[in-house]
Structures are given as C-alpha cells and as structure tokens.
Amino acid sequence: MTAMGRRIRYSIIGTGMMGIEHMRNVTLLPDAELVAAADPNERSRIWAASAAKGIALYGDYREMLDKVDADAVIIATPNHTHATVLKDALQSGKHILCEKPLCTTIEDCRWVVDAVRDRREVFWVGMEYRYAPPVGRFVEEVRSGTAGRVRMFSIREHRFPFLPKVGDWNRFNRNTGGTLVEKSCHHFDLMRHVLQAEPVRVFASGAMDVNHRDERYGGEVPDIIDNAYVVVDFDNGARALHDLCMFAEASRHAQELSAVGDRGKVECLLPEGSVVTGRRGQGPVESLHVEVQDEILRAGSHHGATYYELLDFQAAVRGGRPARVTALDGLKAVAMGLAAQRSMDEGRPVAMSEFGL
C-alpha cells in the first residue's frame, strides 16, 4: 500500500493519443508526479517528450518497469496488446490502470480477472465516460428517483470517424475486438452503471457504410463498422439502446443520454454539459449546466472525465481501497460488445449466457 502523504509516482505504457491525455492529466493531479513513459514508436516518444518535459523515456516498457521507481502504471497501448503487457505489468507490484477495452477476447479478459483476484495493489479499468461531471450528475438524478423506475435507457454517440493511429491498427477487428468493443464498451459499462442491473440478451444491427471503404493496408480492406443500433435487455426488466454513428461530425450533441421511467425523464447532453430533468405532470422541464474547469477540459477530449477518474484511482491507491471500476466490470463490458458483434454478424439475438454471464 502506498503511504499516506507521499507523492504518487506514475509511469505510462503507450504514448499515443490516450496515453498523452493521461500524461497531461497526471500533471494536473494533486500530490502526483509523472516520472516515465514507454513506447516502441519513436514518433510517439517525441510526442511524449513535448507533452511532459523531463520524464524518462523508454522504447521497451519492460525496461521501464524494471528500472523506474513508480507507484502506479497506466497502460494505454493498442487493444490487442493489453494481455501481453499485463502479464509483465502484473508482476511489477505496481498499482495499475488499464485503458479500455480490458482485452479483445473473453478468454484474455477472464485470465485478467483471475490474475488480479487476490492482488493487494489496485487494478482499475479505464472507463472514463462514468467520470465526466455532467454524466455524474445525470447518474445522481437517476439514482435519486427523478425518473422513477427506469424502463428505457439510451445512449447516442454521433461523432467523427476513427482517427489515424500508428500502423492504423484500429482499422481491423482482430486488433480492436470490433467497433462495438473498441468504441462501445464505454457505453455498455454505462448501461450497467446507470441501471445497476446485468444484461441478459443483446440484439444488434450495424455495418461499414461510409468510412474506410477506400482504404487499403497491405492489400487488406478495413473491416470495422461505422454505425450500429444495439438493444440490450436487462435482468431488472429495463431495456437499453445504443445508437452509434461515426460519420456524424455535423451534430450539435456528440453524446446524448436519456433515462425514462414511470415518473419522468433525465437527459445528459455533451459537450454542452447540460442535464435536463422533467417529471410527468409536474411543472416545467428544467436544464442545469454542469461546469468543468477550463484547464481540465483542455487536458483531454473526454469532458474532464480522465482527470476525475485518475483522481478517484489515486484515492484508491492512497487509501488502500478496492477499485471502483474492476477487472470484472471490464470483462462484462467487453462481453457485451462481443455479444453485439456476434448478433450483428449472425442476425440473431445473443444471450449473455453464451459468454458464461
């Protein structure tokens, strides 16, 4: 356990876009210090050097794990490398925050769950969307009963296409787990978090209709979808809808959350940062703007969520308490994404029992 009052020393594996976002946010944390980062790509290391001057940089993360005196390590490498990196990082005795998705296969996710079960150090899965302040207020309103018993919950994300990555690894399902794992595990985690229930059945329809169709990589055509609808039935009787479109840059709201119950409705609109509430037959619909400090907004692209998640992770490290987002949470989010991919591919509803859940 990390001693109270001591600065938490962080290292980061993977200095691509999300790794850099973590670097920027670690530098904003109270009583924290970023000491090292590792990435095999030289251009990524140059980017890291400009984002956090004076830290030690390594081409091999194993060397960094062996040589650097850090309390915690953040893993932000490509999805398909998580299992391999974790096999080394878990032996380091460091607290770990592993970015989503936990892994790209259910087998690797189960291995991680088993490997961390008796671990004293904190193991945390990066599910930033829980931590955006407007989303936090939305969850408070839902759990306080503003909407009553929630029967329908929807998450719409209408956004820009997948960005270029080193080697464009994110263009292929074999590397990402599929779009409904890579992108949507955040949303499936939010469904469980908001509804406080477990999924029992998934039905999805999606396709690659617009993006990446003219791209070629060594003669291969990308196979990641760019739009989908996913319906999830939960064990408490609620149902949820995920509406994803990745050729919808021309949107006022990139994300819209809506929870409707027998008493009313609660919405969250991002990046506007508004939480909208209304009760059936009781007065006007009200809108509240949830403020986030400009410095925190500028440190990333998740409406401050990365900062607040790291703050909570650091509190767990300091206090010796369990992670709030566990390896099992990570496994279930991936399983929901894989169920959605299977449903889409096979044209049928998929029971979560097919994944042992």
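Residues are numbered from 1 along each chain as its sequence is written. Because the model is predicted, local features need pLDDT of at least 70 and side-chain atom pairs count only at pLDDT 80 or more, whereas totals for chains, interfaces and linings use all residues; side-chain values use heavy atoms, with hydrogens and water left out.

Helices (H or I, at least four residues) and strands (E, at least two) are taken as DSSP runs and numbered from the N terminus. Two strands are counted as paired if DSSP finds at least two bridges between them. An open sheet of 6 strands has the order β3-β2-β1-β4-β5-β6, and its pairing is parallel. From one strand to the next the twist averages 20 degrees, where axes are lines fitted to C-alpha atoms (for helices over the stretch in contact) and angles run from 0 to 180 degrees between N-to-C directions. Strand β5 (residues 95-99) pairs with β6 in the parallel sense over 4 bridges, and I96 stands opposite F123 in β6.

F123 also belongs to the lining of the second largest pocket, where R119, R120, E121, V122 and F123 lie nearest the centre among 17 lining residues. A pocket is an open set of points on a 1 Å grid over the protein atoms alone, where a 1.4 Å probe fits, with protein on both sides within 12 Å along at least five of seven lines; lining residues have an atom within 4 Å of a point. The volume of this second largest pocket is about 350 Å³, a volume being the space filled by probe spheres set on the points, which are joined across faces, edges and corners. Helices α5 (106-116) and α12 (327-346) each supply at least two residues of the lining. The lining divides into 9 nonpolar, 3 polar and 5 charged residues (nonpolar: Ala, Val, Leu, Ile, Met, Phe, Trp, Tyr, Cys and Pro; charged: Asp, Glu, Lys and Arg; polar: the others, Gly among them).

An open sheet of 9 strands has mixed pairing and the order β14-β13-β12-β11-β7-β10-β9-β8-β15. Its edge strands, β14 (282-289) and β15 (350-351), each pair on one side only. Strands β7 and β10 (residues 239-245) run parallel and are joined by 7 bridges; R156 stands opposite D243 in β10.

The whole structure contains 26 salt bridges (a side-chain nitrogen of Lys or Arg within 4 Å of a carboxyl oxygen of Asp or Glu). One of them joins R156 to E256, with an N to O distance of 3.7 Å. This pair links distant parts of the chain, 100 residues apart, with R156 in strand β7 (residues 150-158) and E256 in strand β11 (residues 255-261). R156 counts as partly exposed at 34% relative accessibility, and E256 as partly exposed at 25% (buried is under 20% relative accessible area, exposed over 50%, partly exposed in between; 1.4 Å probe, protein chains only).

R137 and E141 form a salt bridge whose closest N and O atoms are 3.2 Å apart. Both lie in helix α6 (residues 133-143), 4 residues apart, about one turn of the helix. R137 is partly exposed at 31% relative accessibility, whereas E141 is buried at 15%. A network of salt bridges links R130, D189, R192, E198, D329 and K332.
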